[in-house]
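Please read it alongside the coordinates.

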Amino acid sequence: MDVDEADIKDQRAKLLLTEAWIANCHHQVARLPSLLEQAESLLTDQTTELSLFGELDHFHGYDLYFDGEAERSRQFQEDAVSKLSGTRSPFLGEAELMLGLARCMVGQTELAVQALENRIDEVDTSQGLLLSRLIAGLVFIRLVCGDLGKARADAQRLQFVANKFRMRQTKAWSSYMLACTYLHSGELETALDYFAQTYEQRYVLESMAALDAVVGMALSQQLLQLDDEAMETAGRLAEFAQELNAPQYLS
């Protein structure tokens, strides 16, 4: 007798959380609440893996962050980091990154930056994945605050880590972040070059960032008065969104 795969998934908190991570990668934030509710209903106080509760806290904080509820997001992310610390969970870095952003949103920017810098100093240099997330958190905070010089320096740090550990996705993110710093500082030709590098790595990057990189290419071309190229890139953007089967991005 065949077992329904959907039934198996709905009975396993780990599988539901895995689906939540996949939805997160595609920036499908609207899918998270129902997945989290299902996963949470399967966990009890006797659950031995504390990291599962940490993942839940992270996702609750992530959802609240994009709803603009910064203080509640910060609280959930602090709980997530506490529960994931010491577990060697691959998701610890994600929680620490979002904790930094939530702290920044509530006005604790100096604390956010210092905490991330301290963690970078503490982390073993062999932990490339965790290092990449901590440094990426710094870049995002610098960009939000408009500190383009430091954002660029940290994006270059991220690129170094990506090359050292051969992390293609992280390298794509570093190209995207560098492109943003150059675009906002008016260095358009360099911005265009980095956006083009990001586009070449579009299949290893989260869809939202990959599509945004194409938008960055078009804007850079338009500002450089390369109108025909900008229109061509805009057409490429629509094709890419359709290729990803992501109609929500077409607008």
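Accessible areas come from the Shrake-Rupley method with a 1.4 Å probe, and for residues only the protein chains shown count as cover. On that basis the protein chain exposes about 13300 Å², and carbon and sulfur atoms supply 50% of this area. This is a predicted model, in which local features need pLDDT of at least 70 and side-chain atom pairs count only at pLDDT 80 or more, whereas totals for chains, interfaces and linings use all residues. Residues are numbered from 1 along each chain as its sequence is written, and side-chain values use heavy atoms, with hydrogens and water left out.

The protein chain has 13 helices and zero strands, where helices (H or I, at least four residues) and strands (E, at least two) are DSSP runs, numbered from the N terminus. The C-alpha atoms of the protein chain fill a box of roughly 60 × 50 × 35 Å along the principal axes. Of its 251 residues, 46% count as buried, buried meaning under 20% relative accessible area, exposed over 50% and partly exposed in between (1.4 Å probe, protein chains only).

A search of the whole structure finds zero disulfides, a disulfide being a pair of cysteine sulfur atoms within 2.5 Å. The table gives two of the cysteines.

| Cysteine in no disulfide | Nearest cysteine sulfur | Distance |
|---|---|---|
| Cys-104 | that of Cys-145 | 4.1 Å |
| Cys-180 | that of Cys-145 | 15 Å |

Cys-104 is buried, with a relative accessible area of 12%, and Cys-180 is also buried, with a relative accessible area of 10%.
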